[in-house]
Amino acid sequence: MLSFIHGFKRILLGRPMPTRAMGNTLLPKRIALPVFASDALSSVAYAPDEIILTLGLAGLVASTASLWIGLAVVAVLVVVVASYRQTVHAYPSGGGDYEVAKHNLGSHAGLGVASALLMDYILTVAVSVSSGAHYLTTAMPELTGYETPIALLVVTILAVLNLRGMRESGTAFAIPTYLYMAAIGLLAVCGLAQELMGTLGQAPSAAYELTPAAGYDAGITGVAGFFLLLRAFSSGCAALTGVEAISNGVPAFRKPKSRNAAATLALLGIISASMLVAILHLARVTGVKVVETGSKQLLKDGVPVDASTDPVIGQLAHTIFSFSTPLFLFVTVVTGLILVLAANTAFNGFPQLASVLSRDHFLPVQLYKRGDRLCYSNGIVVLAVAAGVLIIVFNAEVTRLIQMYIVGVFLSFTTSQLGMIRHWNRALRVTVGVAERNRIRRSRVVNMIGLVFTSVILVIVTITKFVHGAWLTLLLMAIVFILMLGINRHYRQSAHHTDVEDWDSAHTLPSRVHALVLVSKLDLPAMRAISYARATNPSSLTLVTVDIDPGDAVKLREQWQESGTDVSLTVLDSPFRDITGPVVTYVRSLHKRSPRDMTVVYIPYFLLKHSWEHLLHNHSAARLRRELQHVPGVIVVLVPYRLHATSPIEAPAPAEKTEPLWSGEDMNRPNFRPLQARVPVVRDQPEETS
């Protein structure tokens, strides 16, 4: 069974990779762009939907403001990209916002940023995959209602691909990402050309009238309208998500790492801004409307209709490529695919950040080391499971998930900007050259502007989205923060208790070593355990059995007398037919009698050939080991005996007349019979000791 699982794993994930192959996993810019920027690029596919949907709550007039909201989002994007270009140069070791906050604002600030980033990555997978599932059902209506199973299947596939290694997953995802950029570029060029020629049609939803939702009859005027604009702006800022992933993944770039990461950031900003503005402009001129299902905002001939609207890019593709079904399907399918693959950014960023946190002892140490494919396999599995839980809980509904999404992003943005300002202030205090000081001042100005922008947006997001789901994100972030503090406290306490303060006392031997061999009968496994115990030359050696059935105890005494061994036999009474309790009580009594002594308990157990055989053997040994390992001053040794053995050493052989002396080689013989000679005899025969 184990060999089958191992073989299936190798087929699924590939052969193990040696550490020396690490250099082959580094990414060039052409692969790093789809790996780390697919999240930000894919945000363009759903950020326009959220802007238009939110503005549509106030009616048709408000929805015309979508382009201006988009331009405001682009302005913030430019500032954030410029500031992160400085971060990848200042902190090229990975960790991104966490490293910036930890080194400049303290460990607690860094931990707060890390909590936000971890939740952001989990939500990235949930939102992207759920959005991709909805785009898939747009192209294939027969799959409607199966968004959650589709999303879970996609998360599993993404996890498996990433477990094969970053380079392999990046190469696999590069082609769909570039196809997506080509599809949106083709959509924008054709749409703008049709607009200039006057042949651009109207979107399918343009045929409906849009009425304000309840509570928004005043449109965008008044306090409610102002907060609606802020909410639309904060929803559109989802287009900025994923920018921080490049700063977290700088170590994955080829050398020069920082310069390549900065170039990828700049390219990401240009492409994202162009795509967002083009989509919002075309949506406005084609009359695209987006409403929540069942909102009753759409009217047909003055009568409310319960009609649902497709995503913005889907409606634009239907309008612009009405003459070509293949082009419509190409744009729609590729957009849905990139939304799915956008989660790959999180599958690269989350394990990298988790490894850094594990290195600092804020997460379990299992997340620190790479797996046999040179990827952080444990982090990938944790991310997939957490995202799957969110998808199930929220039924893969993008509108509900995205309300939780944006808070953590801008919390990390804001903290990072403040940390970089502290970084530049510290650099100014030690820098002498005029040119270098001027460069530092310019960099500080960029981060100051970024701090103003991101902090204002953080306040807006928190206020406008708090009751819509942001409160849950903040709660989860607080739980993760407290959990990581607890893990760090445990590791610090463990280190304090295990550090060697006095090397002389650490080398001190125990006064005596008592060896106990637990037996139920004197069979071959028991004789091997006795032989092994005698080879360690303990101060005393005792056979221990528990009297469950008087007949078994009598038979054991007869075997013990027949063996002629000088090892004493102790029979423990068990009126309630329990094995573990009497043994633990007896061992504890030995420790209380002489706390400086060491007690070593030898337990025979079977090495089994088939996994199903574990149901039939070794249960008592497992229970005894679990209980005895908590007794102070006690060491538990499991002495294996291979069942179904075929080798001459392991297989039972006919009894032979034993010699008066024995050695380590004799000890391995299954027919070995311990005689009256004690271990000191072995010291007289050093040439025979194995």
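**View 1. Leu210 and its bridge partner in strand β2.** The bridge partner of Leu210 in β2 is Leu298. Strand β2 comprises residues 298-300 and runs antiparallel to β1, to which two bridges join it. Two strands are taken to pair if DSSP finds at least two bridges between them; strands (E, at least two residues) and helices (H or I, at least four) are DSSP runs, numbered from the N terminus. The model is predicted: local features need pLDDT of at least 70 and side-chain atom pairs count only at pLDDT 80 or more, while totals for chains, interfaces and linings use all residues. Residues are numbered from 1 along each chain as its sequence is written, and side-chain values use heavy atoms, with hydrogens and water left out.

**View 2. The open sheet.** Three strands, in the order β1-β2-β3, form an open sheet with antiparallel pairing. Because β1 (209-210) and β3 (303-304) each have a single partner strand, they stand at the edges, and one side of each is left without a neighbour in the sheet.

**View 3. The largest nonpolar core.** A nonpolar core is a set of buried Ala, Val, Leu, Ile, Met, Phe, Trp, Tyr and Cys residues joined through side-chain atoms within 4.5 Å, where buried means under 20% relative accessible area, exposed over 50% and partly exposed in between (1.4 Å probe, protein chains only). The largest such core has 140 residues, and Phe347, Leu357 and Phe410 have the most contacts inside it. Helix α2 (residues 29-56) gives the most to this core, with 16 residues.

**View 4. Surroundings of Leu357.** Beyond its neighbours within four places in sequence, Leu357 is in contact (heavy atoms within 4.5 Å) with residues including Tyr98, Leu111, Phe362 and Met484.
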